[in-house]
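Colleague: I am new to this one. Please walk me through its charged pairs and a helix.

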Amino acid sequence: MIKGSFLVPYIVMLIVEGMPLLYLELAVGQRMRQGSIGAWRTISPYLSGVGVASVVVSFFLSMYYNVINAWAFWYLFHSFQDPLPWSVCPVNGNRTGYDEECEKATSTQYFWYRKTLNISPSIQENGAVQWEPALCLILAWLLVYLCILRGTESTGKVVYFTASLPYCVLLIYLIRGLTLHGATNGLAYMFTPKMEQLANPKAWINAATQIFFSLGLGFGSLIAFASYNEPSNDCQKHAIIVSLLNSSTSIFASVVTFSIYGFKATFNYESCLNKVILLLTNSFDLEDGFLTASNLEQVKGYLASAYPSKYNEVFPQIKNCSLESELDTAVQGTGLAFIVYTEAIKNMEVSQLWSVLYFFMLLMLGIGSMLGNTAAILTPLTDSKAISSYLPKEAISGLVCFINCAIGMVFTTEAGNYWFDIFNDYAATLSLLLIVLVETVAVCYLYGLRRFESDLRAMTGRKLNWYWKAMWAGVSPLLIVSLFVFYLSDYIMTGTLRYQAWDASQGQLVTKDYPPYALAIIGLLVASSTMCIPLVALGTFITRRLKRGDTAPRA
Amino acid sequence: MQRHKRFLYQRYPNVEEVGMPSAHRISHVLLCNVTQRVSFWFVVTDPSKNHTLPAVEIQSAIRMNRNRINNAFFLNDQTLEFLRIPSTLAPPTDPPVPIWIIIFGVIFCIVIVATMLLILSGIQQHRRKNEGPSEMEDTEDKCENTITIENGIPCDPLDMKGGHINDAFMTEDERLTPL
């Protein structure tokens, strides 16, 4: 999510961190010509843990990321109805009104939390596997399997499709979004920087994480893809083009997002005002059309002074409507895609068309990401002689998809969304930072920057610019270390970890503490990927020691 | 109320023709209990017996015919309110098979068929390749253009093995030649 205050850190992080690290990973892959495990083993046998950590992180990511595709499928299939199921509340038992939970929340929230997720009130109450999201998850994995079945050649062709189609849809949405009523409010909100937010290190951490994720650094997928490139390929040019394209796409998508966001906020603000006007008109028997948005405050003051007792009765039900607070409901991640957008779509004309387009685009983006992830897992597996001699490529891919699908069923239970949030927040972030840090330090100081430079010159025939050398050797590692420190200090200062749970009786999210076993699993997630690096290094050291111990007495 | 008065008078322009004295004007219509909105109480009398029908019967009758009453006034449930008669909402139309399952089924079948086709063609290719030299596959994946092949055996140019052999670490093991 890019806001005005976000643009500055985003661009700075892109130039200082995104581009150099992208170039580094592409160059390593192209030079070593192996997946992430083999590539790092080549640089130093003690470092194959980095590759293993990348594969573990990719594995976690592929476990939970496909659930998003499953939800996108679910919404896509439901978009072919009139009216859209998330635009109307279902009627309650005796048909005198709407369902209670739906009344308290909005109909889009109800559809997301009740119909799609059937969410439980807290993470402890697990519930059963919901068959509808489970079916969609199976379909999503089948689709991914279909695309990776033949290996990278087929994946390459699919990616042409999954990468270009979202641009077309985004363009259509841009035109539609900018012509919506209230779009300018959202755009103004996006582009006005808030100076106090720039001083907050959280903004910089978020920008850095955003760059990491959107470029796919540290996952090993870049190394995997680059290993299939020809050695003479100009990866510097590709790195710059890819990162610039990626960021401009993000900004483009954010413009679309914020214009639709502004439309939704304006619509909600105006309907909130209308509700207050109706309430006051009914309670005080005012003339129809007497109260408007402009004179609302005046009339409220007049009514408060003229009929104080009656006003005090009505006062608790009067909501304070504010456009700013509607825009500030900063929803991120899955909430943004499935609640905010659907709410905006249901108010557009021909909403079925827009809905189908939107979820189709979301699917394309999601499947594209999954293909990168699974490539990062499969390339080391198919590279290793041990596994690929027993099983053909198709069987390995099928096995990986099957295992991931089976584990992914956890996310379709009633408490599944809470586990999804755990994975989303903790599986990748810290580990990625550490992996990229070790990568940069390894290439610059263990392998040797000069050696790498001469390798690149021999491979591509181009001299390495001083900018890259300065970034790789100095700036990027320092930046990542400082990010790490901020992240950890932030966690230490807030104490325990909390999550947002959906309370059906109130119709809104409440904050709760994680139970101890959830905290243990979070710790396990972070540890299992980061500990790979020192553990494998230790293991290699011990095996070498043993080998040397065997050969020494002979001399 | 102003609107209604004018309406009544427009219906009966020729007040004099009906036989009423022409002195009747707007000022002769008296109002009481004026509110800002149009509202009234009503009772329904039974013409044969001289009493009013009970409220419960009227309420259920109105509930059944709400739509017709609304349409008569060109109003709807939000603009015409009957106090103490909550409006019943139309039940949602539920098709026998939910639409989403149909679409899901279609796409599911397409994906399964495509997967089967790809797997089968992959197996066929495998069988055909097993008759040819199978060593060429692995190296061809990564180094496509520069392998020279004689008699089906690839000649590895020194540099192209890339990271398979790392000189810095090969020498350690060979420092001491075994006896």
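Modeller: Start with Glu297(A), which is exposed at a relative accessible area of 55%. Buried means under 20% relative accessible area, exposed over 50%, partly exposed in between (1.4 Å probe, protein chains only). This is a predicted model: local features need pLDDT of at least 70, side-chain atom pairs count only at pLDDT 80 or more, and totals for chains, interfaces and linings use all residues. Residues are numbered from 1 along each chain as written, chains are lettered from A and ligands numbered from 1 in written order, and side-chain values use heavy atoms, without hydrogens and water.

Colleague: Which residue forms a salt bridge with Glu297(A)?

Modeller: Side chains of opposite charge can pair when their charged atoms come close. A salt bridge needs a side-chain nitrogen of Lys or Arg within 4 Å of a carboxyl oxygen of Asp or Glu. Here the partner is Lys300(A), with the closest N and O atoms 3.7 Å apart. Lys300(A) is buried, at 10%. Both lie in helix H13 (residues 296–306) of chain A, 3 residues apart. Helices are DSSP runs (H or I, at least four residues), numbered from the N terminus.

Colleague: Are Asp455(A) and Arg31(A) buried or exposed?

Modeller: Both are buried. Their side chains meet in a salt bridge (3.1 Å, N to O). That pair links distant parts of the chain, H21 and H1, 424 residues apart.

How values were computed:
Helices (H or I, at least four residues) and strands (E, at least two) are DSSP runs, numbered from the N terminus.
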